[in-house]
Amino acid sequence: MKTLIIDANNLVHRTFWVTKHRVDSYDPVLGDNIENLHVYFTLNAINSYVSMFKPTKIYAAWDEKPDYEANIRKETLSEYKGNRSSDVSPHQNNEIIKHLLELLGIQSIFPRELEADDVIAYICNETAGQKVIISVDKDFMQLVNKDVTLFDPIRKKEFNNNNFEESTGYSTIKDWMTAKCLMGDKSDNVSGIPKFGKVKVKKFLDGNITLNESEEAIFERNMSLFNLQKYNSMERESLYYKVQLDNPVKGNWKDFVSECTDRSFHNILKKKESWYSLFFMQQKLSSLFA
């Protein structure tokens, strides 16, 4: 059994800017409808991942919250991810994409108090067999083990147990997490301990220096922010994920073809037998031998 887990907001953000570039330069074949192009490029990207990994089950984890509650990490650090762009245009087609994914039998899963990253961690921990995470977010390195692989679709590289040290420079996930908590993460607007760079981190990992009280407080705060196992201590959040996983979508090939026809996705329609085989037949066959 193999499960493909797509970091959906990450994906649609990337495909939006690919689309924007194509629209700005105008493609005479695909035209200049940014909505249709964005949806098409997203579907096509997912098709390539499914072709590559041939999963039994596919999930798309989103940061959107249908039953919204404030991000609990903000209680620890109010400025957490406060540096992120307020431009929502990359996600203006999310509902269309979610609908088409459901027609393909791809289930969307959502958080309530946490984030898509935590949902992905839950799926990795609670789903049997091999798991492949599709994302450029290196936070998922903490989930890599003998059963979990991270695939970076930009670098076209898999991160796994065998190349973890080569890829990160750290021999264990514990050391990698320790380094991250010591240095912080600018992309998440989380500061590290002052004057802690790679050299000082190595000295700490080697046991040559220790943290004072204020430094320990920053370290513990960052560990709380970066840890993707927070749901373990949040029974209501864990149950929220479980209920979603226990109600899988079935897919609807006929409606998917109809939607593609309405949207003039000619490249999909020309290869619809391949799409059907990949998303319907392949998964059914895989599940028989899982």
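A: Let's start with the buried side of helix α9: Glu215, Phe219, Arg221, Asn222, Leu225 and Phe226 are its buried residues. Their arc around the axis, taken from the directions from the helix axis to the C-beta atoms, is only 165°, which puts them on the same side of α9. Behind that sort of pattern is a bit of helix geometry: an α-helix has 3.6 residues a turn, so residues three or four places apart point the same way.

Some ground rules before going on. This is a predicted model, where local features need pLDDT of at least 70 and side-chain atom pairs pLDDT 80 or more, while totals for chains, interfaces and linings use all residues. Numbering runs from 1 along each chain as its sequence is written, and side-chain values use heavy atoms, without hydrogens or water. "Buried" is under 20% relative accessible area, "exposed" over 50%, and "partly exposed" in between (1.4 Å probe, protein chains only). Helices (H or I, at least four residues) and strands (E, at least two) are DSSP runs, numbered from the N terminus.

α9 itself covers residues 213–226, which makes 14 residues, and reaches 20 Å from first C-alpha to last, close to the 20 Å expected (1.5 Å times one less than the number of residues). The cover over its buried residues includes α3 (73–76), α7 (173–183), β7 (184–185) and β8 (190–191).

Glu215 is buried but has no salt bridge, and Lys200, the nearest side chain of opposite charge, is 4.9 Å away. A salt bridge here needs a side-chain nitrogen of Lys or Arg within 4 Å of a carboxyl oxygen of Asp or Glu. Leaving out residues up to four places away in sequence, Glu215 touches Ile193, Phe196 and Thr210, contact being heavy atoms within 4.5 Å.

Now the packing. A nonpolar core is a set of buried Ala, Val, Leu, Ile, Met, Phe, Trp, Tyr and Cys residues joined through side-chain atoms within 4.5 Å. The largest one has 44 residues, with Ile120, Ile133 and Leu143 touching the most other members. Two or more residues each come from β2 (57–61), α5 (116–126), β5 (148–152), α7, α9 and α10 (235–245). α5 gives the most, with seven. Beyond its neighbours within four places in sequence, Ile120 is in contact with Ile5, Asp7, Ala61, Ile133, Phe140 and Leu143. A separate core has 38 residues, including Leu4, Ile97, Leu104 and Ile268.

On to the charges, where the salt-bridge count is 17. Arg73 pairs with Asp118, with the closest N and O atoms 2.8 Å apart. Arg73 is in α3 and Asp118 in α5, so this bridge ties together parts 45 residues apart in sequence. Both partners are buried. Asp139 and Lys180 also form a salt bridge (2.8 Å, N to O). Asp139 sits in the loop between β4 and β5 and Lys180 in α7, so parts 41 residues apart in sequence are tied together. Asp139 is buried at 8% relative accessibility, and Lys180 counts as buried at 10%. Finally, Glu69, Arg112, Glu113 and Arg236 are linked in a salt-bridge network.

Conventions
Lys and Arg count as positive and Asp and Glu as negative; His and the chain ends are not counted.
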